[in-house]
Amino acid sequence: MSGRTGRTGRSKRKQLPLWQETVLLLGVALVLAVVIKTFFVQAFYIPSESMEPGLILNDRILIQKVSYWGDDEPERGDVVVFKDPGGWLPPIDSAGPTNPVAKAMAKIGLYPTGGHLVKRVVGIAGDTIECCDDRGRLLVNGKPLEESGYVKRGGAECNGPMPTNGACDEKWEVGPIPDGHIFVMGDNRSRSADSSQKMCRSDETECVPGDEFVPVDLVVGKVFVLLWPADRFRWNTRPATFEDVPDPSP
């Protein structure tokens, strides 16, 4: 004789309707996208010709934010994306996307936003930068940089031409760079609105000393991959020449 020892079956777990599952999945995906944008990776585009020849107008890039977590700051040679410190960009480049779909995608990091610049870090806090030696090379803390592999002089005879006229007939020096700031330049040295353009010249009356330095708090992240066009896909690495730059003198 057999007795009943328990339930002969289990009740089926109630399933959500398809439309509710879809909404739930979209919500989870949205949260994940916002988290990834905030802490890890974000998409941008190259807004000008200032980073040629390596990065060309409208190239799509990805930046990573992990390297600058905590107290870590940009290093010499990094290509960084940073928010406009004020007046570096014309209004049209600061506006960002206008299409509603693009705006929504920008919010979650899937579409480039406006109001940002892409430049290379040439100097960090404490550094002194000079232009130029007899071979037209920039010097950081007295060490010349070998930049021929990524710099476009654009007809200039040095790697630090005067942005106003593209000439190399006037030497310049800047620094020491204050704490919490960096000095940035575009790789297309004759066609870049960067820190060198913001330096005060002796004959300028409306220039504000210190405007040439970018606060590290405005740095969004470091470029680590050229994503599009696909035929130019590559990982972005720090040039070896910056490894030889000595620490600034006390």
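This is a guided tour of a predicted model, one selection at a time.

**Stop 1: the acidic surface**

Select Asp71, Asp72, Glu73, Asp179 and Asp217. Together they form a negative surface patch. Asp179 sits in the loop between β8 (172-174) and β9 (181-185). Its relative accessible area is 68%, so Asp179 is exposed.

**Stop 2: a salt bridge across the sequence**

The structure holds 11 salt bridges. Start with Arg238 and Glu75. Their side chains meet in a salt bridge, at 3.6 Å from N to O. Arg238 lies in the segment after β12 (234-235), while Glu75 lies in the loop between β2 (60-64) and β3 (79-83), so this pair ties together parts that are 163 residues apart in sequence. How accessible is each partner? Arg238 is partly exposed, at 31% relative accessibility. Glu75 is partly exposed too, at 43%.

**Stop 3: a salt-bridge network**

Next, select Asp133 and Arg137. They form a salt bridge, with the closest N and O atoms 2.7 Å apart. Are these two residues buried or exposed? Both Arg137 and Asp133 are buried.

Arg135 lies in the loop between β5 (129-131) and β6 (139-140), and Glu146 in the loop between β7 (143-144) and β8, so the pair ties together parts that are 11 residues apart in sequence. Arg135 is exposed, with a relative accessible area of 51%. Glu146 is partly exposed, at 41% relative accessibility. Keep all of these residues on screen. Salt bridges that share partners join Asp133, Arg135, Arg137 and Glu146 into one network.

**Stop 4: aromatic rings**

Hide the charges and turn to the rings. The structure holds 4 aromatic pairs. One of them is Trp172 with Phe183, a tilted pair with 6.1 Å centre to centre and 35° between the planes. This pair links distant parts of the chain: Trp172 is in strand β8 and Phe183 in strand β9, 11 residues apart. Check the surface around each. Trp172 is buried, with a relative accessible area of 9%. Phe183 is buried as well, at 0%. Trp172, Phe183 and Phe213 form one aromatic cluster.

**Stop 5**

Select Phe82, in strand β3. It counts as buried, at 0% relative accessibility. Then select Lys222 and draw a distance between the two C-alpha atoms. Phe82 and Lys222 are 140 residues apart along the chain, yet their C-alpha atoms are separated by 9.1 Å.

**Stop 6: the nonpolar surface**

Return to the outside. Select Leu227, Trp228, Phe233 and Trp235. These residues form a nonpolar patch on the surface, with about 490 Å² of accessible area together. Phe233 is found in the loop between β11 (219-228) and β12. At 39% relative accessibility, Phe233 is partly exposed.

**Stop 7: cis peptide bonds**

The peptide bond from Trp228 to Pro229 is cis, with omega near 10°. Pro229 lies in the loop between β11 and β12.

Move to Gly175 and Pro176. A cis peptide bond joins them as well, with omega of about 0°. Pro176 is in the loop between β8 and β9. Asp179, from the acidic patch, is in that loop too.

**Stop 8: positive phi angles**

Finish with two asparagines. Which phi value does Asn58 have? It is near 75°, a positive value in a residue other than glycine. Asn58 lies in the loop between β1 (41-45) and β2. It is partly exposed, with a relative accessible area of 43%.

Now select Asn141. Its phi is also positive, at about 55°, although Asn141 is not a glycine. Asn141 is found in the loop between β6 and β7. Is Asn141 buried or exposed? Its relative accessible area is 19%, and the cut-off for buried is under 20%. Asn141 therefore counts as buried.

Notes:
Residues numbered from 1 in each chain as written. Predicted model: local features only at pLDDT ≥ 70, side-chain atom pairs only at ≥ 80, totals over all residues. Heavy atoms only, no water. Patch = residues over 30% accessible without salt bridge, like charges linked within 9 Å, V, L, I, M, F, W, Y side chains within 5 Å. Areas by Shrake-Rupley, 256 points an atom, 1.4 Å probe, with all protein chains shown as cover. Salt bridge = Lys/Arg side-chain N within 4 Å of Asp/Glu carboxyl O. Lys, Arg positive; Asp, Glu negative; His and termini not counted. Charge placed at Lys NZ, Arg CZ, Asp CG, Glu CD. Helix = DSSP H or I, 4+ residues; strand = E, 2+ residues; numbered from the N terminus. Buried < 20%, exposed > 50% of the residue type's maximum accessible area, 1.4 Å probe, protein only. Phe/Tyr/Trp six-rings, centres within 6.5 Å; stacked < 30°, edge-to-face > 60°.
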